[in-house]
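Dear colleague,

Please find the structure below for your records. My notes on selected parts follow directly after it.

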Amino acid sequence: MAGKLVLVPGARGLGRKILERLHRMDVPVRAMVRRDDQRAEELRALGIEVVVGDLTKPETVAAALDGVSRMYFGMAVSPDHLLAAAVVASVARDLRVLDGLVDLSQMTVSQMTSTSTAESDQQRLHYLAEKVFDWSGLPVIHVRPTVFLDNPLFTTLAARSIRENGTIALPFGSGRTSPIATDDVARVVAVILRDPSPHIGEVYQLTGPNTLDMHGVAEEFAKALDRSVTYRDVPLHQWVTDVLPKTGLPAHTQQHIATMARLHRENRYDRATDDVFRVTRQTAQTVEQFVAAHRGVYVS
C-alpha cells in the first residue's frame with residue numbers, strides 16, 4: 001500500500017512536514033511547488049521529486065497528478081482556497097486516478113451551516129470546499145484541526161508580550177481552547193495517506209489533549225519556559241485595531257485571525273477529541289510540550 005505515489009502541495013509549513021514524514025516512512029512522494037526556489041532545492045536534496053504548479057490552474061494540476069494515486073489538499077490561508085478545491089476536484093474526478101484524497105479543513109466547519117454568518121471568510125471557504133469534494137464523489141477524508149499552536153496567536157504575538165511584560169495578551173476572555181501542533185496534524189495526515197482505505201469518508205476532528213482557559217494556557221507556558229507567564233485579557237476591538245495590523249499579514253488573513261479570536265471569546269473552541277490517538281496511536285502534544293520544544297521562539 002505504501003508504494004503508491006502521493007502528491008503533496010507545499011514546500012513549507014504543514015505541507016513540508018507531511019512530505020518529510022511520508023518520505024521517512026518510505027512512501028513515494030511528489031511535492032508540488034509554485035516556485036522553483038531554495039525550498040524546492042532542499043526537497044530535492046532529501047530525495048523528494050518536485051514539480052512546479054498551481055492548484056488554481058487545471059493544466060498544472062493534471063500534470064502533477066500523472067502517476068499519482070493519493071493526494072493531500074491543503075493551502076495556507078488564501079482567498080483562492082475554494083477555487084483551488086474546485087479545480088482539484090474537477091481534474092481528479094476526470095482523471096479517475098485517486099484512491100485517497102485528504103482534505104485539510106477546519107474544525108469550525110463542524111459548527112457551521114449553509115447560511116451561518118459568524119465565521120470568517122476563510123472558514124466559509126473551507127465549508128464550501130468540503131461540499132465540493134463530497135459532491136465530486138472522490139474518495140475523500142476530511143481532517144479538521146482546531147487552531148494551530150504554530151499560529152501567530154500562540155507564537156509571534158505571544159512571544160512579543162511574554163518578552164515585554166511576562167504576559168500572553170489576547171482577547172479570548174474566559175473561553176477555553178485545545179490548540180494542536182502542526183507536527184501532530186502532519187502525523188495524522190501521513191498515516192492516512194500511507195493507507196487511506198480504512199479512512200475513506202471519515203471526518204477527523206483534531207485537537208490537543210485537553211481544553212484550557214487562557215490562564216491554564218499561560219500556566220503551561222510558564223512551566224515550559226521556567227518563568228512567570230500570566231494571561232492578560234485584551235478588549236477585542238482594541239486588539240483588532242491596535243495589535244493585529246502590526247503583524248503585516250494580508251487583510252484576508254487578518255480577518256480570519258480576528259474572527260478566530262472572537263470565536264475563542266465566545267467559547268466556540270472549547271472542544272477536545274482523541275482523534276489524533278485514534279489514527280496514530282500517539283497522543284497529541286500538550287501546550288507545555290510544544291512551547292518547550294520551541295523555546296527559542298519565546299526566549300531571546
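In this predicted model, helix α9 (residues 236-243) packs against helix α10 (residues 251-265) at an angle of about 160 degrees, and their axes are 11 Å apart. Here helices (H or I, at least four residues) and strands (E, at least two) are DSSP runs, numbered from the N terminus. Axes are lines fitted to C-alpha atoms, for helices over the stretch in contact, and angles run from 0 to 180 degrees between N-to-C directions. α9 and α10 are therefore roughly antiparallel (a term for angles over 145 degrees). Their crossing is right-handed, that is, the near helix is turned clockwise from the far one by less than a right angle. Contact means heavy atoms within 4.5 Å; on this basis Leu236, Trp239 and Val240 of α9 meet Ile257, Ala258, Ala261 and Arg262 of α10. By class, this contact has six nonpolar residues, no polar ones and one charged (Ala, Val, Leu, Ile, Met, Phe, Trp, Tyr, Cys and Pro count as nonpolar, Asp, Glu, Lys and Arg as charged, and the others, Gly among them, as polar).

Residues are numbered from 1 along each chain as its sequence is written. Local features need pLDDT of at least 70 and side-chain atom pairs count only at pLDDT 80 or more, while totals for chains, interfaces and linings use all residues; side-chain values use heavy atoms, with hydrogens and water left out.

Two buried residues come next (buried means under 20% relative accessible area, exposed over 50%, partly exposed in between; 1.4 Å probe, protein chains only). His81, in helix α4 (residues 81-95), has a relative accessible area of 0% and is therefore buried. Not counting residues up to four places away in sequence, His81 touches Phe73, Met75, Leu104, Gln122, Leu125, His126 and Ala129. Tyr72 belongs to strand β4 (residues 70-73) and counts as buried because its relative accessibility is 2%. Beyond four places in sequence, the contacts of Tyr72 include Leu7, Pro9, Ile18, Val102 and Val189. Tyr72 and Val189 are 117 residues apart in sequence, yet 7.9 Å apart in space, C-alpha to C-alpha.

Two loop residues concern backbone geometry. Most residues other than glycine have a negative phi. Asp26, not a glycine, has a positive phi of about 65 degrees; Asp26 lies in the loop between α1 (13-24) and β2 (29-33) and is exposed, at 66% relative accessible area. Arg96 has a positive phi near 55 degrees. Arg96 sits in the loop between α4 and β5 (100-104) and is exposed, at 74%.

Yours sincerely

Methods: Angles under 35 degrees count as roughly parallel, over 145 as roughly antiparallel, 65 to 115 as roughly perpendicular and the rest as oblique.
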